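Subject: A structure for you to look at

Hi there,

Here is the structure I promised to pass on. Have a look around it first, and then read my notes below.

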2 protein chains.
Amino acid sequence: MQLPISVSRSSDAPIQAQIVAQIRDLIDRGLLSSGTRVPSSRELSEQLGVARRTIMLAYEKLIAEGYLESRQSSATFVSALNPIRAIHVDGGGAPNSHREETCPPAHLPCATRNSPNLYIPAHQRSELDFGIGRPDHRLFPQKAWQRIMFENFAAHARVISDYPDPQGYRNLRLALCEHLRLTRGIDCSDEQIVIVSGTQDGLNLVARLLNQPNGKAIVEDPCYNGAAAAIETFGMKLIPAPVDREGISVGDWPKDAKLVYVTPSHQFPYGATMSLERRKKLLSWIYESDAYVVEDDYDSDFRYNSSPLFALAALDHSRRVIYLGTFSKSIGPGLRVGYAVFPRHLARAARDMKATMSNGLPTLSQAVIAQFMRSGAFERHLVVMRRQYLARRDALISGLLEAFPETRISGADGGMHLVWTLARNQPTARDLAVKCQDAGVGIYPILGSPICKSFAPASPRDVMLGYTPLTEGQIHQAVGRIKHLLRASS
Amino acid sequence: MQLPISVSRSSDAPIQAQIVAQIRDLIDRGLLSSGTRVPSSRELSEQLGVARRTIMLAYEKLIAEGYLESRQSSATFVSALNPIRAIHVDGGGAPNSHREETCPPAHLPCATRNSPNLYIPAHQRSELDFGIGRPDHRLFPQKAWQRIMFENFAAHARVISDYPDPQGYRNLRLALCEHLRLTRGIDCSDEQIVIVSGTQDGLNLVARLLNQPNGKAIVEDPCYNGAAAAIETFGMKLIPAPVDREGISVGDWPKDAKLVYVTPSHQFPYGATMSLERRKKLLSWIYESDAYVVEDDYDSDFRYNSSPLFALAALDHSRRVIYLGTFSKSIGPGLRVGYAVFPRHLARAARDMKATMSNGLPTLSQAVIAQFMRSGAFERHLVVMRRQYLARRDALISGLLEAFPETRISGADGGMHLVWTLARNQPTARDLAVKCQDAGVGIYPILGSPICKSFAPASPRDVMLGYTPLTEGQIHQAVGRIKHLLRASS
């Protein structure tokens, strides 16, 4: 530790006194707190370019004054208590308590109170929590991951000491080309891929790249709030387009809109899969309007009732689709790795913009994912997850149908959550959520959700249920509790 | 692997024929390439909800046609060659070669060709490379790091399966409070800290938070290009302020500027330490103008000739300084972790903006750094690094002075690089750099550097030399080669 003190040889005060005064001041101001170990006399003498004897004398004086104390061998610490510091300690905080200003200045346009936040601390979750987009940690392939991590660790000293490629680790981009070609029908080169720290980062990259002063962006209504917030904070105007069971309704949109944001595989939050007809219509509109589509393919790894459709990006021959994918659902959101695929003519601008935004992602985690994919372990992991999640989804659907025969469910063909529309004779989603919380069950009403943005008034009867973090047994138990609650309240 | 195919039961074509046609098409279009293993008949039958026998028959037909081949036991692969695919293969690429569009549309404001880029691939570096801001990988505390990483790995399945706190892992923020208090005199709470993926990410966060339409930002001339690019791409106008040996000259700046970006500890690139007088003057200006300072403290962990001064943020009692720090220099840039400290009244807006920009950083690396700091290993590591880097700096200075007695050097009091100003009778920095490159020595002229932004014409005689990636012996050798080159050319 280097203490922030210095000595002046041109001062009248002796050097020892200068050191004593400054350390005393650091302690009085609360910057050095009790119990902190101060540097050894050797370290401080090296730092200040002062004889070690001078430091030892200064420390002795501070010990005599009660500021420092010498414990064990030769180590010196700030005393547990001394008369002056006691005032601050009893005062309940640091000497500069900053109570004066707590609001941001009014001119800051940015203080969005409605920021998207997928983070829910463990202690705020219910015992049986239908969390959205959360993989089951019990299914994480800890062994395979650990083995690959340790294999990569030998090279770690070298890769941690270098700036990574801001576009992303090349082996990961190459593995993604293969994966996207096989599973999503996307034909791209590694030069078109930018590794991002998740979909949110990717959305910001795209919005910043395509942003125009007073530009317009068309979004699904309702849509993922993270996308709305990312686009809106760049000053673009959001134009909502209604969603039905075939996905976004391509309609009479303003021709000067330059960006359309969609979730074709599993519309967020309602879960519709965009029909092929709509996809073609959307692409036609894009070509005519000289605009771009952002395809957020957040949970397409999980498809249950039918094969995955080709991605929009696979249908797009004039290269107007920007594709966003993530490992947050397939591996885990604590990894913070996703990817964006750009049309070839935008790739260079995207790489440059990414370098302006950040100097890339940690090399180790990218190398581990690349090897996880190359080794086939990723594909095997997905097979396991799909089977498990399918069983959980089915347990949830059959449980709900058994408890409430007239249950209406949507968005269950794929992904990690479905939407349950409560009947007229049942409480509203919000009322039920409050009751459920008391019963240890976490459910997520769409109305008022921090991760859903609605333009038209959202239905008060729709609840999102993420079935992936819970086992079949837990789902059974949770549905039982909900049934009990609804029976008691009717 | 799930193939992007599907079957329609309402179609006239038999299901087996539908499958054959679609797989044939995937292969013809190059989406399934030769050697790729296709799903087992069991997997595909599960995916499509079709009898396994149907899949087996479809595969047999495709094998007979030469599209697939069966190797080993029961695994089936795309054939190495077949008549139709050979055309594409010989054509030198994927069927859709996207040669039509290679330039971004002219209306995109963003395609900055001058994006900052600290990434230099290993094969592009010289044998003896005076790289800027690069720690020596031989000094990375691999053992201590590995031990902490493995200790944290037990909890990994859980933390990787959850979204992290977008503000950053709390234990890391707490460890930073302590570190900043002791080493930089900054008195802050963990609520004021946002963990970022390095200084570049932090700069974007600040610029985006404080950005105003047609706003003005004052920057050092020259300055770090990453900062200039981050601020400028948000549409702010950069006002350059000259730098001398006391740091930025606080002058007659426009009163409506709302942001000043400085590097007080070690001005980038010239290395001046901002004098206390200038610091006070700068803060006075800020208070009068109702503006903010961004203090980029990128390499203050390394201070050689004197103690570190308190950070500007420590002097700032009216809370107008935003402090940026990074682990890129002290641990390694491949880690991608830094931190921003906000005045209390901006902390909430900063957290919200960070959540809009990305959902935080990987939990594991943050947990490892926190434990590395708490255990005292970080401080011990810094002590080792400081001694080594000091010895290397001294080797470079004495080597240059010995070879060229009139050598002018600046910025050597701290940090990881110094600036060597070539004499009039020596070649320009650029000419010397070209010669050096041929001799296996990497040196970095300020004029034309992608990481330096100059407003006034930069001196053609100034060279940056990073002494941290090279041993004393290598530095000696490199200076010897430069001496030889200059003697040969004079």
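Ala228(B) sits in helix H9 of chain B, which covers residues 225-232. Is Ala228(B) buried or exposed? With a relative accessible area of 0%, Ala228(B) is buried, because anything under 20% counts as buried. Please keep in mind that this is a predicted model, and every value in this email was computed from it.

Which residues touch Ala228(B), once its neighbours within four places in sequence are left aside? They are Cys223(B), Leu238(B) and Lys453(B).

Now for chain A as a whole. Chain A contains 16 helices and 18 strands, and its C-alpha trace spans about 85 × 60 × 50 Å along the principal axes. Of the 490 residues in chain A, 62% are buried. Among the contacts in chain A with a separation of 6 or more, 73% are between residues 24 or more positions apart.

In soluble globular proteins, nonpolar side chains tend to be buried together. Here, the largest nonpolar core has 199 residues. Which residues have the most contacts inside this core? They are Trp145(A), Phe327(A), Trp145(B) and Phe327(B). Take Trp145(B) and leave aside its neighbours within four places in sequence: its contacts in chain A are Phe153(A), His156(A) and Ile160(A), and those in chain B include Phe140(B), Ile331(B), Leu335(B) and Phe372(B). A second, separate core has 87 residues, among them Val219(A), Tyr292(A), Ile451(A) and Ala458(A).

Next come some helix pairs. Two packed helices are described by the angle between their axes and the distance between the axes.

Start in chain A with H5 (residues 142-153) and H13 (residues 363-374), whose axes are 9 Å apart at an angle of about 125 degrees. That angle makes H5(A) oblique to H13(A), and their crossing is right-handed. Trp145(A) turns up again here, as one of the H5(A) residues in this contact; Ile148(A) and Phe153(A) are also among them.

In chain B, look at H1 (residues 15-28) and H3 (residues 52-64), with axes that come within 9 Å and cross at roughly 45 degrees. H1(B) is therefore oblique to H3(B), with a right-handed crossing. Among the residues that make the contact are Ile19(B) and Arg24(B) of H1(B), together with Tyr59(B) and Lys61(B) of H3(B). The contact has 9 nonpolar, 2 polar and 2 charged residues.

The last pair joins the two chains. How do the axes of H8 (residues 199-210) of chain A and H12 (residues 344-357) of chain B cross? They come within 7 Å and cross at roughly 85 degrees, which means that H8(A) is roughly perpendicular to H12(B). Gln200(A), Asp201(A) and Asn204(A) of H8(A) meet Ala355(B), Thr356(B) and Met357(B) of H12(B). These residues divide into 2 nonpolar, 3 polar and 1 charged.

Enjoy exploring, and write back with any questions!

Best wishes

Technical notes. Residues numbered from 1 in each chain as written. Chains lettered and ligands numbered in written order. Predicted model: local features only at pLDDT ≥ 70, side-chain atom pairs only at ≥ 80, totals over all residues. Heavy atoms only, no water. Axes fitted to C-alpha atoms, helices over the stretch in contact; angles between N-to-C directions. Helix = DSSP H or I, 4+ residues; strand = E, 2+ residues; numbered from the N terminus. Parallel < 35°, antiparallel > 145°, perpendicular 65-115°, else oblique. Left-handed = near helix turned anticlockwise from the far one by under 90°. Contact = heavy atoms within 4.5 Å. Core = buried A, V, L, I, M, F, W, Y, C linked by side-chain atoms within 4.5 Å. Buried < 20%, exposed > 50% of the residue type's maximum accessible area, 1.4 Å probe, protein only. Nonpolar A, V, L, I, M, F, W, Y, C, P; charged D, E, K, R; others polar.
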